[in-house]
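Subject: Structure for you to look at

Hello,

Here is the structure I said I would pass on. Please open it first and keep it beside you while you read my notes below.

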Amino acid sequence: MKTSDNPYIPYLATIEDAWYETGGERCIKTFKVVIDNEEVRENWNHHPGQCAMIGVLGVGESMISISASPTEGQFLRFSVMRMGKVTQALHQLDPGDKMTIRGPYGNGFPLEEWEGKHILTIGGGIGQAPLRPIIEYVKTKGDKYAGLTVIYGARTSGDLCYKDEFAELSKCDDLSCHLTIDIEEEGWEHNVGFVPQMLLDLNPSPENKIAITCGPPIMIRFVLENLKKLGFADEQIYTTLENRMKCGIGKCGRCNVGNLYVCKDGPVFCYSVLKNVPEAFA
Amino acid sequence: MDLEQLRKTTAEVAARDDVKYLIGWEKGTYGYRVSPVFIENEADAEDLIFSPLCTSNLATYLTLVEKPPLPRGQKADIRKVALMVKGCDSRAVAQILVEKGIEREQIIVIGCPCPGVVDVDLLAAKYPEIAENTELKWSGEDFTLIRGGEEIPVKREEVLAEKCRLCRYPNPVISDITIGEPVKPWQTEEDPGVSEIEEKSVEERWEYWEEQFARCIRCYSCRNVCPLCYCEDCILDRLNPTWVNRAVNFSENTAFHIARAFHLAGRCVECGECERVCPVNIPLGRLNRKLAREVRGKYGFEPGLDPDGKPFQASYKPDDPEDFIL
Amino acid sequence: MSAVLLNKDKWPVFVGKLSGKVWVPKVEDGDAICFAPLSGGEAELPRFCNTRIPPKEIVFPETETLYRFKAGGYEIKAPQPDEKTVIVGIRPCDARAMKIVDSLFHWGVDDPYYLKRREMTTLVGLACSSPGPNCFCTSVGGGPASTEGLDVIMFDLNDYYLLEDITEKGKALLEEAEGLFEKAGDDALKQKDESISDAESKINRSVNVEGILEGLPGLWEDPLWKRVSASCLGCGTCTYLCPTCHCFDIQDETEGFEARRYRTWDSCMFEEYTRHASGHNPRPTRKERTRNRINHKYSYYVDKFDLIACVGCGRCINYCPVNIDIVDILRQVKEAL
């Protein structure tokens with residue numbers, strides 16, 4: 001398959017590695033993939049927070065966050081929760097298999113604008129996927145940012161993504177990493193409690209900070225509420241939205257929240273914009 | 001039709017504490033149109049009408065009701081729903097009751113004996129529809145059209161809806177309150193639309209339906225308007241697995257219409273709504289009435305007559321014909 | 001721009017001379033359902049108000065293959081629309097609609113299928129002489145003789161058509177049939193002007209959109225949405241027949257070894273349109289869906305492209321099974337402001 005200026009035609013990519021992050025019916029599998037075409041691979045340039053349409057020919061496509069930072073190398077990562085028809089088919093894929101990719105889509109996080117600030121990511125469950133590239137990016141460009149704080153939680157320790165990476169992160173001196181699970185568990189050494197509460201307990205000062213939150217809608221709602229309690233201004237708060245998508249390029253019409261198309265105007269939105277969009281948290 | 005009696009009766013029903021709303025008809029926004037309306041208080045009963053333009057079958061709203069998840073702590077409103085029905089509509093209500101799609105005590109049926117409604121397209125072809133709202137009344141055997149202050153007599157034969165020409169149950173088969181006097185059933189002809197197709201050869205029939213179904217745009221108005229198409233999980237919306245592909249072409253369209261027709265065999269009450277709403281004029285009534293004719297002829301079964309009866313599929317008799325089983 | 005006259009006797013010769021696939025409105029049993037390719041037997045343009053299915057289906061087919069592949073294979077072949085097309089008899093509202101929808105298909109990334117078809121298509125419009133009962137084009141920036149989006153406009157002057165070229169494409173089309181025309185005199189031009197004002201005077205429905213565009217966001221929680229959607233059946237008639245509705249679904253289909261990915265019209269009035277794979281639906285009821293439909297046309301599209309995504313053709317009103325009437329909804333919006 002060659003590259004084309006037809007935006008509906010995907011690139012072909014080979015799965016280099018794949019592993020399960022979590023178990024259960026709605027398990028999450030991460031794919032490390034490399035785009036086959038060399039020219040496309042070398043020119044591929046995405047920002048953390050952008051998405052791609054990945055799919056299986058004959059089944060369909062799904063919009064998934066790119067969970068690798070461009071600073072990591074010429075490969076992409078996708079963490080996919082098994083949910084519908086397409087994600088079920090994706091879960092069948094193993095290293096060596098092919099998937100299709102279109103993108104990158106969306107706006108991504110304005111990381112350059114945030115230079116000089118302290119970055120605070122607040123994630124829950126699969127919501128860590130779009131936040132992961134921020135962490136990777138800020139880690140490699142550490143001197144450009146005032147600091148990095150990571151808060152991440154899930155229902156149980158088994159539902160946490162990127163466990164090995166968090167084990168590594170916990171050892172880093174130049175960032176602070178906080179894990180939490182909803183329910184008490186034997187052998188769990190970190191916090192027990194909901195993410196929004198943990199945020200309040202940590203009581204971060206809003207000064208020179210940017211807070212980015214992503215997770216289940218109910219978590220986002222309470223995190224936003226608590227960030228406001230902590231004194232964060234709307235302009236300091238960012239989140240990502242998701243909606244059903246088909247084209248990824250602003251044509252098919254279904255992903256809008258109010259007058260914003262999540263696929264093109266988002267998925268990253270500043271709270272100062274979103275708070276005026278009534279449908280945003282529906 | 002005594003409008004005063006209609007409004008008085010419906011106002012009383014709408015005012016009842018145990019009634020959530022009453023579904024009736026009101027004048028539409030232009031021309032010959034009539035809108036279904038949901039009335040929650042007695043004052044609004046003033047707007048209700050019953051006329052030969054009240055074509056829509058309100059029974060569909062019994063099963064079309066949406067049940068979004070309630071906010072925590074909020075209880076579902078389990079009060080009764082009252083609805084106005086013509087003869088054919090009442091059969092849909094009876095059939096839904098037979099299928100236990102709704103419980104008898106959840107509804108109040110306001111029966112309106114019906115001398116027949118018009119086919120608005122036929123009426124508009126003869127008396128072009130204008131923006132201004134117009135009225136049509138029953139008068140004797142025929143109709144009177146009132147527009148622009150003028151009263152125009154309209155012959156029944158010219159504008160009567162096809163389903164009404166075939167109607168054998170103009171009086172509601174189920175009714176808690178009846179408005180007006182029962183009408184005398186009229187002489188009906190054997191459904192000429194169905195007969196015409198039966199006379200065709202298999203090839204001709206195929207050709208006929210191919211032409212019809214190729215036109216379908218899959219807006220699903222026929223399915224959605226049908227009071228008996230109320231599966232919570234319709235196979236048409238199912239994408240995993242995909243039973244009927246969303247591609248709009250003769251093959252998939254045919255799969256859709258055949259699936260729907262078979263699901264309605266022994267259940268369709270011949271209210272004609274599917275045919276009325278089709279934006280591309282597919283004669284769906286012929287398809288459904290053909291199956292109804294088969295069920296009636298072969299098994300002596302007619303749906304939607306006895307709310308306490310058994311559904312067709314559950315009414316097996318040892319001497320049922322089985323010659324079609326290969 | 002120049003005006004010429006075509007004697008109606010010469011109609012079959014005229015359409016025969018046009019290069020490319022020629023589409024004309026098809027009238028059967030007195031009803032114009034859709035446009036259809038010229039069969040050759042047409043003696044004249046049929047009398048029609050407007051087709052039920054808008055000619056958008058010619059440039060934006062209801063189902064369109066994006067690309068084909070072999071089941072289990074990875075080689076993708078995309079079809080390229082390459083057929084020169086002429087739509088004769090398109091109404092000014094439907095041509096305007098195409099122009100409005102162009103903005104969306106150009107937005108950010110060009111849609112190659114739609115835009116290629118548009119490029120290959122010439123629109124020969126027929127000005128309206130008898131608008132339908134629910135036409136309200138004049139309220140939303142159009143008119144019975146609006147030339148926006150058209151390449152050629154025709155006026156029905158009894159025995160003649162008066163034709164005017166609007167664009168270079170239109171000029172080229174008229175040149176193909178040059179020998180058939182007569183010069184349009186002042187009489188004909190006067191007759192044309194009269195027919196326009198006559199048609200305008202026959203438009204009975206109207207909306208004053210002033211204030212609606214800015215006011216809609218403020219009415220998000222207004223009880224009017226529940227009221228106007230109460231009787232909605234949730235079918236796709238209003239959106240499928242709308243000349244500016246452009247939303248689509250993408251699906252895969254496999255038959256034996258042949259497989260394709262295609263797009264097909266979709267409707268924001270369908271429940272599963274926005275339903276996530278998880279089952280969560282951000283627009284859970286018909287109230288939210290109706291609100292989205294009106295907002296998309298009269299607010300979101302205006303924000304994005306400075307255009308109202310409604311041309312006042314009246315189809316959604318004419319064919320709604322339960323008399324949900326966009327003019328009436330807009331009237332209620334106005335009242336609620």
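In chain B, three strands form an open sheet in the order S6-S7-S8, with antiparallel pairing. Please note that this is a predicted model. Strand S6 (135–139) and strand S8 (150–154) of chain B are the edge strands, as each of them pairs on one side only. On average, neighbouring strands of this sheet are turned by 25° against each other, direction ignored. Strand S7 of chain B covers residues 142–147 and pairs with S8(B) in the antiparallel sense over five bridges.

As background, strands of a sheet pair through backbone hydrogen bonds, and they do so either parallel or antiparallel. Another part of chain B shows both senses.

Strand S1 of chain B (residues 19–27) pairs in the parallel sense with strand S4 of chain B (residues 80–85), over four bridges. Here B:Tyr21 stands opposite B:Val81 in S4(B). S1(B) also runs antiparallel to strand S2 of chain B (residues 34–39), and six bridges join the two. B:Lys27 has B:Val34 in S2(B) as its bridge partner. The hairpin of S1(B) and S2(B) has six residues between the strands, and in this hairpin B:Gly31 takes a positive phi near 45°. Strand S3 of chain B (residues 48–49) runs antiparallel to S1(B) as well, joined to it by two bridges. In that pairing, B:Trp25 has B:Ile49 in S3(B) as its bridge partner.

Next, the nonpolar core. Which residues touch the most other members of the largest nonpolar core? They are B:Leu83, B:Val118 and C:Met154, in a core of 262 residues. Helix H3 of chain C (residues 92–106) supplies the largest share of this core, with eight residues. If you select B:Val118 and leave out residues up to four places away in sequence, you will find that B:Val118 touches B:Pro52, B:Leu53, B:Leu123, B:Leu136, B:Phe143, B:Val159, B:Leu160 and B:Ala161.

Chains B and C also meet each other. How many residues of chain C are in contact with chain B? There are 35, and they are in contact with 34 residues of chain B. On the side of chain C that touches chain B, strand S3 (31–37), helix H9 (237–240), strand S10 (248–255) and strand S11 (258–265) of chain C each supply at least two residues. S10(C) gives the most to this side, with three residues. Sorted by class, the side of chain C that touches chain B has 13 nonpolar, twelve polar and ten charged residues.

Last, chain A as a whole. Its secondary structure comes to seven helices and 15 strands. The C-alpha trace of chain A spans about 50 × 45 × 35 Å along its principal axes. Why does the radius of gyration of chain A agree with that of a compact globule? A compact globule with 282 residues would have a radius of gyration near 19 Å, and chain A has 18 Å, so the two agree. Of the 282 residues in chain A, 50% are buried. Taking the contacts in chain A between residues at least 6 apart in sequence, 69% join residues at least 24 apart.

Regards

Terms used. Residues are numbered from 1 along each chain as its sequence is written. Chains are lettered from A and ligands numbered from 1 in the order in which they are written. This is a predicted model: local features need pLDDT of at least 70, side-chain atom pairs count only at pLDDT 80 or more; totals for chains, interfaces and linings use all residues. Two residues are in contact if their C-beta atoms, placed from the backbone, lie within 7 Å. Ala, Val, Leu, Ile, Met, Phe, Trp, Tyr, Cys and Pro count as nonpolar, Asp, Glu, Lys and Arg as charged, and the others, Gly among them, as polar. Two strands pair if DSSP finds at least two bridges between them. Axes are lines fitted to C-alpha atoms, for helices over the stretch in contact, and angles run from 0 to 180 degrees between N-to-C directions. The radius of gyration is taken over C-alpha atoms; the globule rule is 2.2 Å times the number of residues to the power 0.38. A residue is buried if 20 or more other C-beta atoms lie within 10 Å of its own, exposed if 12 or fewer, and partly exposed in between; C-beta atoms are placed from the backbone. A nonpolar core is a set of buried Ala, Val, Leu, Ile, Met, Phe, Trp, Tyr and Cys residues joined through C-beta atoms within 7 Å.
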